[in-house]
Amino acid sequence: MKKKSLGFLIIAFLMLLLAACGSGNGSGEETEDSNADGGNSSEGTEEQYKIGILAPEVTHGWVAAVAYHAEERVKELGDQVDYQIQTSSNAEQMTSQLDDLTTWGADAIVAFPQWEGMEVPIQNAIDSGITVVNFDIAIDVEGVYRVAGDNEDMGVQGANYIADKIGEEGNVVVLEVPSSGSVSELRTKGFEETIAEIAPDMNVMTYATEFTREDGLADFADILTSVENIDAVYSIDDETSVGVLQAIQEAGRTDIQVVTGGGGMQEYFEMMPENEDIWIQSALYSPVMVKDAVDIAIDVLNGEDVAEETIIPTTVVDRDNYEEFLDENSPY
């Protein structure tokens with residue numbers, strides 16, 4: 001009996017030892033799996049969204065500021081989002097980037113498509129289940145959200161401002177930017193329709209330019225050589241207007257009483273009090289609005305009820321109120 005009892009004790013001891021060893025290995029494997037999962041499926045990460053930002057390559061300070069503020073916003077959201085920012089120089093490149101973001105698994109894309117031909121690829125992204133929020137540009141796509149300033153109202157405000165400063169008669173040069181699509185069309189439309197209503201005797205002359213100070217300088221210098229008297233300039237962009245003001249100064253012209261702009265450029269704001277003989281105006285269309293586009297993408301993903309279009313009202317800035325809009329940290 002003693003030998004049998006001893007045998008049972010030895011067997012029991014061995015079984016306990018094996019169980020302990022098995023328990024140790026299982027615990028180790030579980031810890032390893034938990035650590036692996038913990039980095040990818042924690043509570044915070046379960047709510048994490050993949051956000052893609054598509055912007056044009058920087059050809060303009062305002063465009064640079066859009067990408068800057070978009071990235072600032074996704075950084076501010078911290079662990080709530082994983083993000084990619086890509087820039088492109090044409091519709092084909094942006095289309096390829098849309099495909100890349102789809103493959104990456106983007107939940108939402110904030111897009112700033114400045115070229116024609118983006119309707120089909122954006123529609124395809126939406127049809128695949130991706131939330132798309134267009135910043136600024138209006139395109140004919142079903143299911144796209146949009147955040148923008150009021151381009152047409154900027155033209156309305158420009159017309160009212162010029163008529164207020166020079167009266168109902170005079171020579172006004174309109175600087176449109178056909179390459180910018182609906183942006184130029186709407187701002188010019190708002191101006192032309194309003195000036196025709198409030199100052200039908202105004203002589204309006206329209207020329208094409210681009211959204212750069214270099215083009216504003218070169219194109220307006222040519223205009224100054226062919227037009228003897230100009231009372232006001234309806235420019236739709238602050239950068240262009242900086243070039244216009246340089247051309248006026250270099251030509252020594254004193255006839256121009258008003259130069260408008262659009263965007264919200266710090267350098268342009270600072271020129272307002274320095275030019276006492278010219279009323280310099282900007283219809284504020286701040287690149288900071290892109291943060292609203294990011295927030296709307298998150299709201300949609302969270303299941304909130306969001307309007308398809310969010311239009312931010314126009315604010316007029318000139319020498320009387322420019323100090324309220326100075327921001328030394330702004331990249332534009």
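Two strands count as paired if DSSP finds at least two bridges between them. The model used in these exercises is predicted.

**Exercise 1. State the strand order of the open sheet of 6 strands, and identify its edge strands.**

Step 1. The order is β2-β1-β3-β4-β5-β13, and the pairing is parallel.
Step 2. An edge strand pairs on one side only, which holds for β2 (81-88) and β13 (309-312).
Step 3. Ignoring direction, neighbouring strands of this sheet are turned against each other by 15 degrees on average.

**Exercise 2. Find how many bridges join β4 to β5, and which helices pack on the sheet.**

Step 1. Between β4 (residues 131-135) and β5 (residues 145-149), which run parallel, there are 3 bridges.
Step 2. Opposite V133 stands Y145 in β5.
Step 3. Helix α4 (residues 91-104) packs on the sheet and touches β1, β2 and β3; its direction makes about 160 degrees with that of β2.
Step 4. Helix α11 (residues 290-301) also packs on the sheet, touching β1, β2, β3, β4, β5 and β13. The direction of α11 makes about 165 degrees with that of β4.

**Exercise 3. Check the span of helix α9 (residues 238-251), then describe its burial and its ends.**

Step 1. At 1.5 Å a residue, the 14 residues of α9 should span 20 Å. The end C-alpha atoms of α9 are 20 Å apart, so the two values agree.
Step 2. Buried means under 20% relative accessible area. In α9, 10 of the 14 residues are buried, so the helix is largely enclosed by the rest of the structure. Among them are D238, V242, L245 and I248.
Step 3. At the N-terminal end, D237 caps α9, with a side-chain oxygen 3.0 Å from the backbone nitrogen of E239.
Step 4. After α9 comes G252, with a positive phi near 70 degrees.

Notes: Residues numbered from 1 in each chain as written. Predicted model: local features only at pLDDT ≥ 70, side-chain atom pairs only at ≥ 80, totals over all residues. Heavy atoms only, no water. Helix = DSSP H or I, 4+ residues; strand = E, 2+ residues; numbered from the N terminus. Expected span 1.5 Å × (residues − 1). Buried < 20%, exposed > 50% of the residue type's maximum accessible area, 1.4 Å probe, protein only. Polar contact = N/O pair within 3.5 Å; in protein donor to acceptor, adjacent residues only side chain to side chain. Axes fitted to C-alpha atoms, helices over the stretch in contact; angles between N-to-C directions. Contact = heavy atoms within 4.5 Å.
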